[in-house]
Amino acid sequence: MSQKSSQSHESTSGLEQEFENAAVPLSHRHTTRSVSAVWFGFPMILTNAVFGGIMAYNLGFWHSIIAILAGNLVLFAYVGALSYLAGNTGLNFAMQARKTFGSRGYIITSAFLSTVVIGWYAFQTGLTGTIVNATFGWNTSWVIVLATVLYTGVTFLGVRALSVIGMIAAPMFVILGLVALYFVGQHTDISQISSYKGSASGISMGIAMTMVIAGFADSGTMTADFTRWSKNGKSAVVATFSAFPLANVVSLLSGVVIVSAGAGINPAQNGGDFLHLLTGHNPVLDMLALLFVFINLGSVCTHCLYNGAVGYGHLFKSKMRLWTVILGVIGGLLAVIGVWSYFLNWLSLLGVAVPPIGAVMIVDLLFMGHIASSRPETTYRTSAFACWAFGTVCASIAHVWFPDAGEALIGMVAGGVAYGIVQSRSAKKWATA
């Protein structure tokens, strides 16, 4: 089937064209509100409440807030820059990466991130099963199967479905989060929460910042898959701001408050998970809590699956929806066999290897775009790969020997600065040649 007839088939079936292999034309761009809903609903998840609670448990109330704000400032600058490029060009992540890493080299970065993000999807799908099992006693494996079917089905509908689930998931998180805090408030007060000093010293401010950044390093780097639908670069940045810092801070802060109030169950592991506070009151609230798990974690799962499907769709010159089904099933199987047991190792990988990719692309396409636009296309751009490797090595060194420094930020800065220096010297050689 030709691309034209395939697109026509999607249109007549009521499904929007996803433009896996071409820039999104201006005629198909979405409103700022619609794109913001895609990003806003993404970080407003129970997993972030867990993260926030773990930070509070180790750092105390105020230090965890500082780490959260600092991490979100970095995320906004990082994801916002990549989103600006996407809004201006309409290109997805794979097509952006082609300009920086080469006509064949981009396959490596795109396949890497598209695979990593499916690991995150698998983790969150598995988490759905474990949370429902712990709270309601349902069989974990069967819940994971149900979640896989639901999340794959929503993603199959396309980017507009992501916008809709975001519009539902974010308000639901806020409302039920406030209900949980209401129950907490029956037994504590604000002064007790704000004076919480933490009960451990297992992580530093730098590690906490890395947790904030790593949580969205993969999909944040692939933000172009979402923000290419924006009217322009400015609209894309506004959509990013709705996620970082707004939604991300709210969800992380909810976990901080839960643990600081002494309402967390095993906060060293479960952080600020507040689902237990919503159950056991009445059947209506129990049902809402159950729906909340699927809708809330479904938001992040569908976004991750969409990233992976768009990436593999472009790599194989195929359709996003075909890869949604393939990757959805693979991720579901990984979830059933227990991929979430490798959660901490996954976060380390995200914090070390992913941020330098985006940093190199930002320097190449935004700060040095005048050079990139006039540069002839090559198969592999060794300078881009070398600087990605340099940033990853620096982040790895920080992870092993200087964990307090924050490996994600170090890798990002090292990769970006190295690339800027290499390209500046190359430009001078071209000018004098």
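Asn58 is placed in helix H3, which covers residues 46-59; helices here are DSSP runs of H or I with at least four residues, strands are runs of E with at least two, and both are numbered from the N terminus. The model is a predicted one, in which local features need pLDDT of at least 70 and side-chain atom pairs count only at pLDDT 80 or more, while totals for chains, interfaces and linings use all residues. Residues are numbered from 1 along each chain as its sequence is written, and side-chain values use heavy atoms, with hydrogens and water left out.

With a relative accessibility of 11%, Asn58 counts as buried; the term buried stands for under 20% relative accessible area, exposed for over 50%, and partly exposed for what lies in between, with a 1.4 Å probe and protein chains only. Apart from residues up to four places away in sequence, Asn58 touches Ala200, Ser201, Gly202 and Ile203, where contact means heavy atoms within 4.5 Å.

The chain as a whole can now be considered. Its secondary structure amounts to 21 helices and zero strands. The radius of gyration is 21 Å, close to the 22 Å that the globule rule gives for 433 residues, so the chain is as compact as a globular protein of that length; the radius is taken over C-alpha atoms, and the rule is 2.2 Å times the number of residues to the power 0.38. Along the principal axes, the C-alpha trace spans about 75 × 55 × 40 Å. Of the 433 residues, 59% are buried. Among contacts with a separation of 6 or more, 86% join residues 24 or more positions apart.

The chain exposes about 17,200 Å², of which carbon and sulfur atoms supply 69%; accessible areas come from the Shrake-Rupley method with a 1.4 Å probe, and for residues only the protein chains shown count as cover. The chain carries 19 positive and 13 negative charges, and their mean positions are 15 Å apart. Lys and Arg count as positive and Asp and Glu as negative, without His and the chain ends; each charge is placed at NZ of Lys, CZ of Arg, CG of Asp or CD of Glu.

Three further buried residues show which segments meet in the interior. Ser83 belongs to helix H4 (residues 61-89) and is buried at 0% relative accessibility. Leaving aside neighbours within four places in sequence, Ser83 is in contact with Thr223, Thr227, Ala236 and Thr240. Ser230 sits in the loop between helix H12 (224-227) and helix H13 (233-260), and its relative accessible area of 0% makes Ser230 buried. With the neighbours within four places again set aside, the contacts of Ser230 are Arg29, His30, Val35, Gly87, Ser235 and Ala236. From Ser230 to Tyr380, 150 residues apart in sequence, the C-alpha distance is 30 Å.

Val117, in helix H6 (residues 106-136), is likewise buried, at 0% relative accessibility. Beyond four places in sequence, Val117 is in contact with Asp218, Ser219, Met222, Cys304, Asn307 and Gly308.

Aromatic side chains form another theme. A pair of aromatic rings is described by the distance of the centres and the angle of the planes. Rings of Phe, Tyr and Trp (its six-membered ring) pair if their centres lie within 6.5 Å; planes under 30 degrees apart count as stacked, over 60 as edge-to-face and the rest as tilted. The count by this rule is 22 aromatic pairs. In the pair of Tyr312 and Phe316, the centres are 6.2 Å apart and the planes lie at 15°, so the pair is stacked. Tyr312 is buried, with a relative accessible area of 17%, whereas Phe316 is exposed at 52%. Elsewhere, ring pairs link Trp39, Phe42, Phe216, Phe226, Phe244 and Tyr306 into a cluster.

The peptide bond from Phe244 to Pro245 is cis, with omega near 20°, and Pro245 is located in helix H13. Phe19, although not a glycine, has a positive phi of about 50°; Phe19 lies in the loop between helix H1 (3-12) and helix H2 (32-40) and is buried, at 9% relative accessible area. Lys317, also a residue other than glycine, has a positive phi near 50°. Lys317 occupies the loop between helix H15 (283-315) and helix H16 (320-336) and is exposed, with a relative accessible area of 53%.
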